[in-house]
Every structure is written in C-alpha cells, then in structure tokens.
Amino acid sequence: MEKVKISNNVYIPMPMTILGTKVNGNDNYMAVGWICRINANPPMLAMGIGTHHYSLEGIMENKEFSINFPGESILKQTDYVGLFSGAKTDKSTIFNSFDGSLKNAPLIKECGLNLACTLVESIKLPTNTLIIGEIKEAYCNSEFVKSNTILYKEMLAFFLTMPDNNYWSFGEPIGKAWSIGKELIIN
Ligand SMILES: Cc1cc2nc3c(=O)[nH]c(=O)nc-3n(C[C@H](O)[C@H](O)[C@H](O)COP(=O)(O)O)c2cc1C
C-alpha cells in the first residue's frame with residue numbers, strides 16, 4: 001500500500017447542525033459543522049465558532065444557545081444560514097422557533113432534534129472560539145425517537161465534508177459498536 005503525504009489542513013467528517021442564538025433580542029441561526037460531544041456526565045458538546053461571527057455575540061451575551069439537527073428537506077435553508085451573517089441579513093424568519101426553559105436558546109421547529117444548552121466555557125483559539133456547552137434539555141420529534149434511541153437516519157440528518165464542501169446522507173449500519181470487535185477474541 002502506497003501512502004502519500006497530504007496537507008495537514010485536514011477536515012474530518014462532520015454532522016450538520018444549526019446554531020440558534022438570541023442576538024440583540026432577535027433570533028439568529030448559523031450553520032455549524034465543527035461540533036462534537038465531549039463529556040459523558042453532564043452531557044457536554046463543543047464547537048468552533050469563527051471569532052467574528054454574529055452568533056458568538058449572542059452566546060457571550062446570554063450564555064445560552066441551541067443546537068438543532070436539520071433533515072434533508074431543509075438542506076437549502078441550512079446552507080443559507082451558513083452563507084449570510086445576521087449582522088447584515090435578518091435570518092430570524094427562515095425557521096419557526098419554540099422555547100424550552102432557556103429563553104435565549106431558540107429551538108427550530110423544522111429540525112427533528114433540538115438541544116438547549118448553557119455556556120460552560122469559551123476559549124479563544126487563533127481564528128475560532130471554542131465553545132463548550134452543557135446540554136440542559138433535548139426535544140425530538142416523536143416519530144424520530146424509539147426506546148430512547150434517536151433515529152437519525154429516519155430524520156434524514158446529514159453530514160459535511162470539506163474542502164469538497166459536500167453534504168452527505170446516512171448510509172447503512174455496518175456493525176454494532178462496542179460489540180463486533182469481540183469477534184476477534186480468540187477462545
Ligand atoms: C456547511 C457550513 C458549515 C459551517 N460550519 C461552521 C462552523 O462550524 N463554525 C463556524 O464558525 N462557521 C461555520 N460556517 C460558517 C457560518 O455558518 C457563516 O459564516 C454564517 O454566515 C455566520 O453567521 P452569523 O454571522 O449570523 O453568526 C459554516 C457554513 C456552512 C455553509
């Protein structure tokens with residue numbers, strides 16, 4: 001097998017989400033792919049937000065935000081809120097929102113899964129700000145939850161790869177995690 005050395009500017013596959021914030025009293029939405037779960041208990045996630053993004057003002061001001069998982073039916077709207085800044089374009093009417101108990105974390109009705117988060121910590125990196133949030137409340141469309149498992153494939157959740165900038169849908173499951181590896185145990 002031949003290996004080629006490639007640029008260190010590598011992006012890994014990402015789930016596509018939409019960040020919801022309240023900025024200067026108005027709902028704002030922003031496409032976010034640089035996000036992952038980072039703590040087991042309490043449940044925490046982290047994301048890298050460009051330091052000049054309008055959404056960041058809302059997070060710092062209110063210490064609350066939402067993370068929403070769109071389905072393929074709102075692919076264009078998801079992309080749109082990643083193309084234009086709330087600083088110049090009012091994005092508040094792109095989606096319908098509902099409130100959980102956090103009043104500065106607008107949750108998107110059109111998204112199958114909604115997480116209401118509080119800010120735990122923010123760390124300034126060279127170009128982005130690492131936002132660590134605690135998931136305080138989660139809402140899911142009833143048809144997309146079964147035995148406490150979220151049905152992401154049925155939700156038509158999608159992924160992002162860069163720098164080809166493609167959105168990808170779910171494929172088929174190929175094995176059970178924390179299980180299939182046991183088949184290599186000898187005896
Ligand atoms: C597919 C996609 C994914 C994106 N992911 C991120 C991200 O994870 N972090 C980030 O800072 N910007 C990301 N962006 C860029 C912001 O969504 C974009 O700059 C947006 O206009 C910022 O909105 P705001 O200024 O209203 O906060 C992404 C854009 C797209 C199209």
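Which residue has a polar backbone atom 3.1 Å from an oxygen atom of the ligand?

Analyst: That residue is tyrosine 54, whose polar backbone atom stands 3.1 Å from a ligand oxygen. The pair is a polar contact (N or O atoms within 3.5 Å). Serine 55 also takes part, here through its side chain: one of its polar atoms is 2.6 Å from an oxygen atom of the ligand. The protein buries 86% of the 650 Å² that the ligand exposes when taken alone (Shrake-Rupley accessible area, 1.4 Å probe).

The elements contributing two or more residues to the shell around the ligand are β3, β5, α1 and α2 (DSSP runs of at least four residues for helices and at least two for strands, numbered from the N terminus). With four residues, β3 makes the greatest contribution to this shell. There are 22 residues around the ligand (a heavy atom within 4 Å). Those that come nearest are Gly50, Ser55, Ser85, Gly86 and Lys91. By residue class, the shell comprises 11 nonpolar, nine polar and two charged residues; Gly counts as polar here, and Tyr as nonpolar.

Numbering starts from 1 along each chain as its sequence is written, and side-chain values use heavy atoms, without hydrogens or water. As the model is predicted, local features need pLDDT of at least 70 and side-chain atom pairs 80 or more, while totals for chains, interfaces and linings use all residues.

How values were computed
Polar contact = N/O pair within 3.5 Å; in protein donor to acceptor, adjacent residues only side chain to side chain.
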